[in-house]
Amino acid sequence: MTEPARETGQSALFPMAKVTPVPPPSPDFDGITFHEVQARTLLNRMPGADAHGMGFTLNPYRGCSHACTYCFARDGHHHLGHNTGTDFQTHLYVKTNAAQVLRRELRTGKTRGQWVMVGTSTDCYQRAEGRYQLMPGILQALTDYRVPFTTTTKSALLRRDIPLYAEAARTTDILVMTSLGSLDDRVWRAFEPDAAPPRARLETIAALHAAGVPAGVLIAPVIPHAGDHPDALNALVDACAQAGAVTVYADILRISPGTRTWFHTQTAHTLPPHLHQRLAADYHQHRAMPPHYIQQVTDHIHTRATHHGIPSWEDYIKQRSTSRSRADWRPSCTIPSTPRDETAA
């Protein structure tokens with residue numbers, strides 16, 4: 001049996017009876033503990049979702065070995081009895097019955113034409129997916145029921161499933177989003193140490209494009225003072241366009257309260273002192289940069305994207321919605337600023 005949840009003043013998210021014994025150690029995952037769980041549900045309804053818009057999130061893993069220092073999903077790890085620092089990236093919860101539960105929910109017509117957003121909290125193609133291979137079953141279920149969906153990842157492992165995405169694209173609306181906030185390897189190593197390098201993510205976009213799969217870029221997070229120079233942003237958008245991106249969505253770094261201490265501790269170790277001090281001052285008491293700054297950076301990104309004929313995420317989904325409305329789907333365009341994980345699963 002896995003180690004019991006630590007005392008946090010809150011009950012554990014998964015009943016211990018539903019947590020299976022830890023699999024044998026693997027040299028490929030030194031220091032990582034897998035907690036195999038039986039999920040009760042996979043589809044988490046998004047609050048305030050419109051009738052046929054972005055309606056559900058789906059996350060087959062909790063915790064993430066990418067170790068991104070800023071990840072908002074760290075906040076929820078204490079509900080599992082762990083800390084939001086090292087534990088978040090070394091205690092991974094795997095919903096081993098994901099495909100079966102999803103099919104059961106889809107049979108009931110639960111989504112009712114709404115889009116499902118896969119991998120909104122922790123990366124569905126983190127290294128654990130190479131071991132558990134949950135995504136093929138998830139993709140096949142969504143395809144069989146012709147559910148429109150998006151996937152978001154920082155991992156090149158997604159390329160393994162390109163044939164499944166190509167099949168899905170022939171039957172329903174899909175959009176594969178790669179998260180990439182900078183082309184600078186120094187930014188990648190400091191903030192996303194175990195995610196795929198920027199060049200590998202661009203190659204994934206190009207591979208999807210070549211297979212006829214709509215691929216976009218979540219230009220996120222843009223790190224103030226590290227990745228927000230206009231020339232750097234221009235180069236990033238240009239590279240996305242060259243790779244074949246059909247849309248971009250810009251998002252500026254936000255730091256949630258439960259992540260703040262870990263973030264500042266890590267930046268003190270990985271960044272030059274002057275950069276750490278500027279970020280510490282900006283995010284000491286605030287979750288986000290001032291609205292005028294966010295608007296300025298966002299406008300710059302979308303202006304550059306427009307130069308390449310690339311629409312914003314909102315406009316792209318609206319175009320797809322118009323197409324689907326001709327088939328009596330009538331979806332809308334909504335996306336929350338911070339999608340939440342399925343906290344009941």
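Which residues do ring pairs link into a cluster? Phe-29, Phe-34 and Tyr-132 are joined in this way, where rings of Phe, Tyr and Trp (its six-membered ring) pair if their centres lie within 6.5 Å. The model is predicted, so local features need pLDDT of at least 70 and side-chain atom pairs count only at pLDDT 80 or more, while totals for chains, interfaces and linings use all residues. Residues are numbered from 1 along each chain as its sequence is written, and side-chain values use heavy atoms, with hydrogens and water left out.

The structure holds 6 aromatic pairs. Pairs with planes under 30 degrees apart count as stacked, those over 60 as edge-to-face and the rest as tilted. Phe-191 and Phe-263 form a stacked pair, because their ring centres are 6.2 Å apart and their planes meet at 25°. This pair links distant parts of the chain, with Phe-191 in helix 6 and Phe-263 in helix 9, 72 residues apart. Helices (H or I, at least four residues) and strands (E, at least two) are DSSP runs, numbered from the N terminus. Phe-191 is buried at 1% relative accessibility, and Phe-263 is buried at 0%; buried means under 20% relative accessible area, exposed over 50%, and partly exposed in between (1.4 Å probe, protein chains only). Tyr-249 and Trp-313 make an edge-to-face pair, with 6.1 Å from centre to centre and 80° between the planes. Since Tyr-249 lies in strand 10 and Trp-313 in helix 12 (residues 313-325), the pair ties together parts that are 64 residues apart in sequence. Tyr-249 has a relative accessible area of 14% and is buried, and Trp-313 counts as buried at 3%.

Phe-263 leads on to Ile-255, as Phe-263 is among the contacts of that residue. Ile-255 sits in the loop between strand 10 (248-252) and helix 9 (257-270) and, at 1% relative accessibility, is buried. Apart from neighbours within four places in sequence, Ile-255 is in contact with Tyr-70, Arg-260, Phe-263, Tyr-283, His-286 and Arg-287, where contact means heavy atoms within 4.5 Å. Ile-255 and His-284 are 29 residues apart in sequence, and their C-alpha atoms are 9.4 Å apart in space. Arg-201, in helix 7 (residues 198-210), is likewise buried, at 1% relative accessibility. With neighbours within four places in sequence left aside, the contacts of Arg-201 are Lys-154, Thr-178, Ser-179, Leu-180, Trp-188, Glu-192, Ala-195 and Ala-196.

Turning to the strands, an open sheet of 3 strands has the order 1-5-4 and mixed pairing. Strand 1 and strand 4 (61-62) are at the edges with a single partner strand each, so one side of each is left without a neighbour in the sheet. Two strands pair if DSSP finds at least two bridges between them. Strand 1 pairs with strand 5 (residues 91-95) in the parallel sense over 5 bridges, with Thr-33 opposite His-91 in strand 5. Strands 4 and 5 run antiparallel and are joined by 2 bridges; here Tyr-61 stands opposite Val-94 in strand 5. Although strand 1 stands at an edge of the sheet, 4 of the 5 residues of strand 1 (residues 33-37) are buried, so this strand is largely enclosed by the rest of the structure.

The second largest pocket has a volume of about 200 Å³. On a 1 Å grid over the protein atoms alone, a pocket is an open set of points where a 1.4 Å probe fits, with protein on both sides within 12 Å along at least five of seven lines; lining residues have an atom within 4 Å of a point. Grid points are joined across faces, edges and corners, and the volume is the space filled by probe spheres set on the points. The lining comprises 13 residues, and Arg-186, Val-187, Leu-271, Pro-272 and Leu-275 lie nearest the centre of this pocket. Helix 6 (185-191) and helix 10 (273-283) are the elements that give two or more residues to the lining, and helix 6 gives the most, with 5 residues.

Some backbone details complete the picture. The peptide bond from Ala-220 to Pro-221 is cis, with omega near -15°, and Pro-221 lies in strand 9 (residues 215-222). Gln-133, which is not a glycine, has a positive phi of about 50° and belongs to the loop between helix 3 (128-132) and helix 4 (135-144). Arg-146 also has a positive phi, near 55°. This arginine is in the loop between helix 4 and strand 7 (149-153) and is exposed at 53% relative accessibility.
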